[in-house]
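Work through the two exercises below with the sequence and the model open beside you, and try each task before reading its solution.

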Amino acid sequence: MTSADYRPPRWLSNAHLQTALGSSGLRRRRGERDLLATGATTTEHLVDGGDGIRLLGLHSVAPALAPASGPRGLALLLHGWEGSVDSSYMRLTAAQLLSRGFEVFRLNFRDHGGTHHLNEEIFHSCRIDEVVHAACDVAARFVPRGSGLPVVVAGYSLGGNFALRLALRAPAAGLSLAHVAAVCPVLDPARTMDAMERGLPVYAWHFEQKWRRSLQRKRALFPQLHDFDDRVLGQRMRALTRWLVERQTDFGTLERYFDGYAIAGDRLAALQPTASILTAADDPVIPVDDFHALKLPASATLEVSPRGGHCGFIENARLDGFAERWIAQRLADAVSLSRR
């Protein structure tokens, strides 16, 4: 199963339609139904992000779908910016993985999925250390000691960026990963910001609205720490990001902040776990040229589909998604190879 297998009908060839349908209410309902149909039991867990940081996630297991010998592996799923464990693509991917015999843990980033109250400081995209620490905690909780149960990771958009950075840091953290898969990962945040500003205004507007609501909630919970007013929150995305970076982080400048989570060029060359990356040439948010310029190890594969939009990859009128099936198959294949 490769990107060449993704052949949407002509009426689904538009990148903006793909992007919109990918996160539509119809897909959210489809995700709810598909996850429910697995018969999985899902439990909520607070996990340790280190230094007193708490992150929340959902662990799902469907014993009826697991092989007789036990689960196939543990899959950690990471959502995109201003998404959550309940985003449509998270539920749909979880359902695909559960049907293949995996246990699944969906992790909320700080300040996502209604978790603003758990930590005082705001989320930003360089907070990789707490995600690495949380991944280690998840593995310690749900991988029985000595079981050899493979751990795999997948993410979408900013979650794909986090997944790949997690894989870079996993060996030093003592976390063994069998595979990492990323769909439309953010590679160069500065170029992504440029693309959003040059593209259809709806993309920047969408993220600005969601981010402002998130920051307003954070301010209401911790007014003594976050005293920005509505005039600050009314700024456009670049100006607001710069304002917060300069006042709420140690990066000093917007450029250093963007560089702090960029994975473009040769920054993924040291990846040790095997990796799969899927993107679309018509992604309106992530420039495809950045993918062609990547320097990847031989153990990593890059697949560029002509169509798909940003994390869309819708296949038909039923809103079946190629990306979640691609992730599930990539992870399942990697686990099968690791056990030979």
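Contact here means heavy atoms within 4.5 Å. The model is predicted, so that local features need pLDDT of at least 70 and side-chain atom pairs count only at pLDDT 80 or more, while totals for chains, interfaces and linings use all residues. Residues are numbered from 1 along each chain as its sequence is written, and side-chain values use heavy atoms, with hydrogens and water left out.

**Exercise 1.** Describe the surroundings of glutamate 82.

Solution. Begin with its place in the chain, which is the loop between β3 (74-78) and α3 (88-99); strands (E, at least two residues) and helices (H or I, at least four) are DSSP runs numbered from the N terminus. Next, leaving aside residues up to four places away in sequence, list the contacts of glutamate 82, namely His112, Lys210, Trp211 and Ser214. Finally, note that glutamate 82 is buried and has no salt bridge, the nearest side chain of opposite charge being lysine 210 at 5.8 Å. Buried means under 20% relative accessible area with a 1.4 Å probe, protein chains only, and a salt bridge requires a side-chain nitrogen of Lys or Arg within 4 Å of a carboxyl oxygen of Asp or Glu.

**Exercise 2.** Determine the strand order of the sheet and explain why β1 and β8 are its edges.

Solution. The eight strands of this open, mixed sheet follow the order β1-β2-β4-β3-β5-β6-β7-β8, where pairing takes at least two DSSP bridges. Because β1 (41-50) and β8 (300-305) each have a single partner strand, one side of each is left without a neighbour in the sheet. Within the sheet, β5 (151-156) and β6 (179-183) pair in the parallel sense over five bridges, and tyrosine 156 stands opposite valine 183 in β6.

Definitions and conventions: Buried < 20%, exposed > 50% of the residue type's maximum accessible area, 1.4 Å probe, protein only. Lys, Arg positive; Asp, Glu negative; His and termini not counted.
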